[in-house]
Amino acid sequence: TICQTCYRSNYSKLKRKGNCSICKITEHTTWSHHNEYGRICGACYSNLRIKKIKKETFSHYSNGKIKCASCGYNKNINALELDHIEGKGNESRKKFNKTGGWSYYQKLKTLGYPEGYQVLCSNCNKIKQIEVDPKGL
């Protein structure tokens, strides 16, 4: 038994029972309902949101078909990266005050997907980086 004051102050830390339909975990601090998967834990919900914004961004910058602009690779979205066509990705991330990843994709979405980006696979992106700056090895 726990008093109401302690319960309220520790509510966000309490593990509540459930059954995540994705990872099958039975206890978690947060639960959400997803239209497709039903009741899922907070970690799985967050992962689904991240994948969704990544797919939306990559789909936009590769004209609806998620693939590398250089070699056409399209087997796994995790092997694809967003590339700044003119380089200077560091400056862009600092300007938007984002470190990269899904928060950067979200910022691009709120700005209406500005021009100057393309989707490249990891290999093509690294090759481009080396060709532009040979000291980057």
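Analyst: Welcome! A contact here means heavy atoms within 4.5 Å. By that rule, in this predicted model, residues 24 or more positions apart account for 41% of the contacts in the protein chain with a separation of 6 or more.

User: What makes up the secondary structure of the protein chain?

Analyst: Five helices and six strands. Read along the sequence, they follow the pattern α-β-β-β-β-α-β-α-α-β-α. Of the 137 residues in the chain, 26% are buried.

User: How do you know what helix α2 should span?

Analyst: The expected span is 1.5 Å times one less than the number of residues. Helix α2 has 20 residues, 42-61, so it should span 28 Å. Its end C-alpha atoms are 29 Å apart, which agrees.

User: Which residues of α2 are buried, and what do the buried residues pack against?

Analyst: G42, C44, I53, K54, T57, F58 and Y61 are the buried ones. The buried residues of α2 pack against the strands β2 (27-28), β4 (38-41), β5 (80-84) and β6 (117-121), and against helix α4 (102-110).

User: Which residues make the contact?

Analyst: From α2 come R49, I50, I53, K54, E56, T57, F58 and Y61, and from α4 come W102, Y105, Q106, L108 and K109. By class, that gives seven nonpolar, two polar and four charged residues.

User: Why is K24 called exposed?

Analyst: Exposed means over 50% relative accessible area. K24 has 54%, so it counts as exposed. You will find K24 in the loop between β1 (16-17) and β2.

User: And what makes the phi of K24 worth a look?

Analyst: Most residues other than glycine have a negative phi. K24 is a residue other than glycine, yet its phi is positive, near 70°.

User: Where is Y113, and how do you know whether it is buried or exposed?

Analyst: Y113 sits in the loop between α4 and β6. The cut-off for buried is under 20% relative accessible area. Y113 has 15%, so it is buried. Like K24, which has a positive phi, Y113 has a positive phi, near 50°.

Technical notes. Residues numbered from 1 in each chain as written. Predicted model: local features only at pLDDT ≥ 70, side-chain atom pairs only at ≥ 80, totals over all residues. Heavy atoms only, no water. Helix = DSSP H or I, 4+ residues; strand = E, 2+ residues; numbered from the N terminus. Buried < 20%, exposed > 50% of the residue type's maximum accessible area, 1.4 Å probe, protein only. Nonpolar A, V, L, I, M, F, W, Y, C, P; charged D, E, K, R; others polar.
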